[in-house]
Amino acid sequence: MTSDKKRSFGLLALLTGLTALVTLGVVALLVNIFERKQEARATFTKVVDVNEVSTDPAPWGLNFPQQYEDYLKTVNDPYTDFGGNHTLPPSKLKESPWLKRLFAGYAFSIDYREARGHAHMLGDQEVTKRVTDVQQSGACLHCHASIIPTYRRIGLEALGEDATAERLASNFEMDAVLAGFKEVSTKTYEEIHKEVEKTPDGIDVATGDPHMGGAHPVSCIDCHDPDTMAIRVTRPGFILGIDKLAKSDDPVPHLPSIQQWRDKGSKESYDPNTMATRQEMRTFVCGQCHVEYYCANKMTLTFPWSNGLKMENLEAEWDSTEFPEGGEFYDYVHKETGTKVYKAQHPEFELWSQGIHARSGVSCTDCHMPYEKKGATKVSSHWVRSPMENINKACQTCHNIPEQEIKERVDLIQDRTRALIERAATAMTEMLDAIIAVQEAGATEEQLAPIRKLQRKAMWRLDYIASENSKGFHARQEAARILAESVDYSRQAIAACYQLDLKAKPEEEAVAKAN
């Protein structure tokens, strides 16, 4: 064979080999693309049936292992690094002693700790001294337990209907949920906790018999339809509250479906499960619990949204509320001054609604449950946590700046808010001292009445921001405004105390001299 033929043969062999390699590569790529498309198309494999009583998240985890694995991570918490996951988080009362004076006469002055992940929310409530040492309302379980099947069972019984396990498993029945919700609001925490424990938390696949698994913290069923897996709102407090908001005149540019509902002149109730956008629902499922509300047994658990979502809108509703048995609304009587005051819960939804993220269409889950890629599947992380622990996915999707800069910006906002909280707390404690002094000097209830109103306003505003868990980040300017008003009202109360004429009347002086 000549040298030219050898070269041609070698070149042909090389080209044939390269062609084969390219062909194999293309085939492998096409196979991979096909497999990924199939993987993305089949978002989950149904291993077991879940239904309307599946409050235990474990069976859901068989169908959705990635989401369940993330959910279990909410057990992990930085507050427990020093002592293991079995310990309670740090006490806020030790970190901020002024809280004991703010909550004097209320259970939060006994035990008040840092918040932990969802997996802890029921267990921490069961052992807090606010529950073990003080009788609490069953309404407290509205958010801390996966309680909807219990509401439905109690509601059906109240309506005189059969609450069989099969019926509970197959129907949501909002009318029964609302009826049970109202029944629970009048009972004690211990009574309702026992009711939750005896409600079926699943149906045996083999026999169809119900099984009891005890009480569970918030679970998959609280935010997802077990048949379609669609996001849904289940908490009756929110369903009633968002309907009041829709019927108010409060501007809600961040909730377009409500404005559309208003523009249509709708007369029926606003139903978030059928009328809200999917993006709104990704906030509503969180707003079921991360809100301000009344939670005791003098009346049904109430979200104060009939005037709107701003702090003063909520305050106006409480100011105009009377208890069913009569008398002005209040949360507790302040032990040091005798003033009837309000207790803010944790108004994250309300404060977020006043901030830039809400106006930009950013939902709670965009930051606290950001999307992740798992193979070919795009899932929302169910490791619900602070965005600062997941800056890349939670923040940098929108903010194209370095992680360190984002963290420093957040730290600056929160440090400034903490400083304002401390200033408002100082003003509040000086106000309490001034009121106590004039009471001891003989101030009458008539003289104290306007001062008590100032005290209630000052304490409500301080508590509103101190109890809200973003430390001002959800709406930094609004948080600063509210704390400034708290300082102002405290100082007004102090000035009013100084201006009181507490000299004894002439006839009282004569009696005193005679004695």
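Contact here means heavy atoms within 4.5 Å. This is a predicted model in which local features need pLDDT of at least 70 and side-chain atom pairs count only at pLDDT 80 or more, while totals for chains, interfaces and linings use all residues. Residues are numbered from 1 along each chain as its sequence is written, and side-chain values use heavy atoms, with hydrogens and water left out.

**Figure 1. Overview of the protein, with 25 helices and four strands.** Helices (H or I, at least four residues) and strands (E, at least two) are DSSP runs, numbered from the N terminus. Of contacts between residues at least 6 apart in sequence, 66% join residues at least 24 apart. The protein has 515 residues, and 46% of them are buried; buried means under 20% relative accessible area, exposed over 50%, and partly exposed in between, with a 1.4 Å probe and protein chains only.

**Figure 2. Packing of helix α11 (residues 174-184) against helix α13 (residues 236-246).** The two helices pack at an angle of about 100°, and their axes are 10 Å apart. Axes are lines fitted to C-alpha atoms, for helices over the stretch in contact, and angles run from 0 to 180 degrees between N-to-C directions. The angle therefore makes α11 roughly perpendicular to α13; angles under 35 degrees count as roughly parallel, over 145 as roughly antiparallel, 65 to 115 as roughly perpendicular and the rest as oblique. Met 174, Val 177, Leu 178 and Phe 181 of α11 meet Pro 236, Gly 237, Ile 239 and Leu 240 of α13. This contact has seven nonpolar, one polar and no charged residues, where Ala, Val, Leu, Ile, Met, Phe, Trp, Tyr, Cys and Pro count as nonpolar, Asp, Glu, Lys and Arg as charged, and the others, Gly among them, as polar.

**Figure 3. Crossing of α9 and α11.** The axes of α9 and α11 come within 6 Å and cross at roughly 90°, so the two helices are roughly perpendicular to each other. On α9 the contact is made by Ile 148, Tyr 151, Arg 152, Ile 154, Gly 155, Leu 156 and Ala 158. On α11 the contact is made by Ala 176, Val 177, Ala 179, Gly 180, Phe 181, Glu 183 and Val 184. By class, there are 10 nonpolar, two polar and two charged residues in the contact of α9 with α11. Within α11, the residues Ala 176, Val 177, Leu 178, Ala 179, Gly 180, Phe 181 and Val 184 are buried. Their cover includes α8 (141-144), α9 (148-158), α12 (189-197) and α13.

**Figure 4. The two cavities of 30 Å³ or more.** On a 1 Å grid over the protein atoms alone, a cavity is a set of points where a 1.4 Å probe fits but cannot get out, and a pocket is an open set with protein on both sides within 12 Å along at least five of seven lines; lining residues have an atom within 4 Å of a point. Grid points are joined across faces, edges and corners, and a volume is the space filled by probe spheres set on the points. The largest cavity holds about 40 Å³ of space. Its lining consists of Thr 55, Ser 146, Thr 150, Val 196, Thr 199, Pro 200, Asp 201, Gly 214, Ala 215 and His 216, which divide into three nonpolar, six polar and one charged. The second largest cavity, of about 30 Å³, is lined by Cys 367, His 368, Pro 370, Ser 381, Trp 383, Arg 385, Ser 386 and Asn 390.

**Figure 5. The second largest pocket, with about 280 Å³ of space.** Of its 14 lining residues, Glu 328, Lys 340, Arg 452, Lys 453 and Arg 456 are the closest to its centre. Helices α17 (311-320) and α23 (445-467) each supply at least two residues of the lining, and α23 gives the most, with six. The lining has four nonpolar, one polar and nine charged residues.

Figure 6. Asp 331 counts as buried because its relative accessibility is 15%. Leaving aside neighbours within four places in sequence, Asp 331 is in contact with Tyr 106, Tyr 294, Val 341, Tyr 342 and Lys 343.

**Figure 7. Met 229, in the loop between α12 and α13.** Phi of Met 229 is near 65°, a positive value in a residue other than glycine. Most residues other than glycine have a negative phi. Met 229 is buried, with a relative accessible area of 19%.
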